[in-house]
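User: Please take a close look at the nonpolar core of this model and at the helices that build it. I would like one connected account.

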Amino acid sequence: MFEKLIDSFEKLCLQIIIEILLVPVTIFKLFQEPRRCYDFSVHEMEKEETERFQDYLSPIKLSVYTSVIISVLLMDYGGEQSFISKIKGLSMVEKALFIFLINNFTAVLFSVILLWYKKEKVNTPTFRTLLFSFIYTTVYTSTPFFLLILSAMFLGQTVNVQAYLGHLEKLETYGARDYAFFIVFLVFIIIGLIGLFKLFKALHYILKENFRYHPYIVWIFTLLFFIIQLYYARGFI
């Protein structure tokens with residue numbers, strides 16, 4: 001009995017380690033080619049359930065891991081203006097769940113809108129494919145903030161961007177950590193801009209694959225979804 005418990009614990013730990021290692025791999029693949037947000041979902045949904053997502057993390061697990069990590073970091077290193085710091089009376093798990101729901105609300109909304117337009121039911125493989133695709137697109141907005149928060153944690157800074165920008169004129173008073181964080185902030189801006197471009201491309205590709213004969217609808221929906229997703233992403237900081 002005890003040996004079985006140890007074996008189960010060992011398998012659980014190994015699975016968690018493998019999945020954590022797959023987080024940066026999955027993010028890199030999605031940043032490398034935005035079309036993979038949709039192509040990965042379509043390809044995996046064609047497999048048997050036990051064979052899905054072996055080489056990279058599933059969108060649900062990816063969102064869960066990033067939500068938990070961001071939640072933990074924001075509890076101690078987030079600025080007072082971040083939306084998560086304004087929520088009182090919640091535990092770490094509740095905050096992580098809240099971020100998870102916020103991250104994926106747009107994915108559910110977009111999927112339902114597309115199904116309604118195509119006059120299909122929610123309980124279909126099409127819905128799961130669309131949902132997985134849109135959950136993957138949240139990587140482009142969450143990754144820059146995650147890197148900024150993680151860097152701020154190691155440099156002993158807070159993620160109060162507005163206050164930081166307000167003190168840029170006082171560079172002569174900065175120390176080594178301040179200059180390092182300034183470089184990190186520039187990298188954050190660059191990755192953020194790249195992420196916005198990749199997000200738009202990913203959304204356009206998903207919509208193009210579902211509205212092959214409606215080019216104007218594709219661009220209208222792409223712009224609309226892009227604006228909505230950015231509105232939710234701005235709450236991170």
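**The main nonpolar core**

The largest nonpolar core has 38 residues, and those with the most contacts inside it are L30, L62, L114, F134, Y136 and F225. A nonpolar core here is a set of buried Ala, Val, Leu, Ile, Met, Phe, Trp, Tyr and Cys residues joined through side-chain atoms within 4.5 Å. Buried means under 20% relative accessible area, exposed over 50%, and partly exposed in between, with a 1.4 Å probe and protein chains only.

The model is predicted: local features need pLDDT of at least 70 and side-chain atom pairs count only at pLDDT 80 or more, while totals for chains, interfaces and linings use all residues. Residues are numbered from 1 along each chain as its sequence is written, and side-chain values use heavy atoms, with hydrogens and water left out.

At least two residues of this core come from each of α1 (2-32), α2, α3 (59-77), α4 (92-118), α5, α6 (139-155), α8 (176-210) and α9 (215-233). Helices (H or I, at least four residues) are DSSP runs, numbered from the N terminus. The most is given by α5, with 7 residues. Apart from this core lies another, of 6 residues, including F145, L148, V184 and F185.

L62 is in contact (heavy atoms within 4.5 Å) with V23, T26, I27, L30, L57, Y136 and V139, leaving aside its neighbours within four places in sequence. Not counting residues up to four places away in sequence, T26 touches Y56, L57, L62 and Y136.

L114 lies in helix α4 and is likewise buried, its relative accessible area being 0%. With residues up to four places away in sequence not counted, L114 touches L130, F134, L207, F211, F221 and F225. L114 and L207 are 93 residues apart in sequence, and their C-alpha atoms are 8.5 Å apart in space.

Helix α5 (residues 125-137) also packs with helix α2 (residues 36-45): their axes come within 8 Å and cross at roughly 145°. Axes are lines fitted to C-alpha atoms, for helices over the stretch in contact, and angles run from 0 to 180 degrees between N-to-C directions. On the α2 side the contact is made by C37, Y38, F40, S41, V42 and M45, and on the α5 side by P125, R128, T129, L130, F132, S133, Y136 and T137.
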